[in-house]
Amino acid sequence: MMEKVFEIKMHVGKPIVVGQDNQVGRRQLIPIVSGTVKSAHFSGEVLPGGVDSQRIDSNGKCTLSARYAIRLTDGATIYIENNGIRTVPESYKETVIHGGFVDPELYYFRTTPTFETYDASYKWLMEKIFVGYATRTTDEVLLTIYMV
């Protein structure tokens with residue numbers, strides 16, 4: 001059974017394209033600028049300075065690894081490493097290979113976040129397994145995190 005733990009709404013910058021070819025695909029870095037964190041038990045903000053490193057292969061599959069931090073209203077900070085994939089139907093692969101956006105309703109976007117914290121109140125995050133359901137728009141990522 002999965003339990004919804006919290007939601008993160010991140011504001012992201014424009015992709016920085018590192019390189020692209022027909023063999024490796026497209027490597028891009030997405031700056032994580034700011035955002036909010038909300039749950040039934042806590043809230044906070046996404047700190048600036050995070051990055052989502054992505055590789056989009058020739059099939060349109062995006063493999064991503066995001067690293068960022070949040071600060072809760074009680075002062076606790078949590079570092080998040082969030083790895084995952086985003087895939088699109090075959091008919092949209094050329095669009096994403098070339099940096100275009102596809103309607104979020106059309107793709108599969110899941111992550112496996114892990115957490116690091118120095119506050120005893122949140123150590124339980126380091127002892128559980130979580131899954132993230134994500135939606136990407138042109139300037140935001142919406143994550144709903146569930147504990148498995």
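These legends describe close-up views of a predicted model.

Local features are given at pLDDT of at least 70 and side-chain atom pairs at pLDDT 80 or more, while totals for chains, interfaces and linings use all residues. Residues are numbered from 1 along each chain as its sequence is written, and side-chain values use heavy atoms, without hydrogens or water.

**View 1**
Strands are DSSP runs of E with at least two residues, numbered from the N terminus. Strand β3 covers residues 25–38, and strand β1 covers residues 3–12. The two run antiparallel and are joined by six bridges. Two strands count as paired if DSSP finds at least two bridges between them. E7 faces K38 of β3 across this pairing. Strand β2, residues 16–21, also pairs with β3 in the antiparallel sense, over five bridges. Here G19 has R27 in β3 as its bridge partner. Three residues form the hairpin link from β2 to β3.

**View 2**
Strand β4 spans residues 43–46 and pairs with β3 over four bridges. The sense is antiparallel. T36 stands opposite E45 of β4. Four residues lie between β3 and β4 in their hairpin. Strand β5, residues 50–56, is antiparallel to β3 as well, with seven bridges. L29 has S53 in β5 as its bridge partner.

**View 3. D52, a buried charge.**
D52 lies in strand β5. Is its side chain matched by a salt bridge, or which opposite charge is nearest? D52 is buried and has no salt bridge. Buried means under 20% relative accessible area, exposed means over 50%, and partly exposed falls in between (1.4 Å probe, protein chains only). A salt bridge is a side-chain nitrogen of Lys or Arg within 4 Å of a carboxyl oxygen of Asp or Glu. The nearest side chain of opposite charge belongs to R86, 5.6 Å away. For charge, Lys and Arg count as positive and Asp and Glu as negative, with His and the chain ends not counted. The side chain of D52 does make a polar contact with the side chain of Q54, at 3.1 Å. A polar contact is a pair of N or O atoms within 3.5 Å; within protein, one must be able to donate a hydrogen and the other to accept it, and residues adjacent in sequence count only if both atoms are side-chain atoms. Setting aside neighbours within four places in sequence, D52 is in contact with residues including Q28, L29, L64 and A66. Contact means heavy atoms within 4.5 Å.

**View 4. E7 and K4.**
The structure holds five salt bridges. One joins the side chains of E7 and K4, at 2.6 Å from N to O. E7 is partly exposed, at 35% relative accessibility. K4 is partly exposed too, at 46%.

**View 5. E140 and K9.**
The side chains of E140 and K9 form a salt bridge of 3.8 Å, N to O. E140 lies in strand β10 and K9 in strand β1, so the pair ties together parts that are 131 residues apart in sequence. E140 is buried, with a relative accessible area of 16%. K9 is partly exposed, at 37%.

**View 6. E45 and R71.**
A salt bridge links the side chains of E45 and R71 (3.2 Å, N to O). E45 sits in strand β4 and R71 in strand β6, residues 62–72, so the pair ties together parts that are 26 residues apart in sequence. E45 is partly exposed, with a relative accessible area of 36%. R71 is partly exposed at 37%.

**View 7**
Strand β9, residues 130–136, is mostly covered. Five of its seven residues are buried. Two bridges join β9 to β8, and the two strands run antiparallel. T111 stands opposite G132 of β9. Seven bridges join β9 to strand β10, residues 140–147, again antiparallel. A134 faces L143 of β10. The hairpin of β9 and β10 has three residues between the strands.

**View 8. E116 in strand β8.**
E116 lies in strand β8, residues 108–117. E116 is partly exposed, with a relative accessible area of 33%. Its side chain makes a polar contact with the side chain of Y118, at 2.4 Å. Not counting residues up to four places away in sequence, E116 touches T77, I78, Y79 and M126. E116 and T77 are 39 residues apart in sequence, and 8.7 Å separates their C-alpha atoms.
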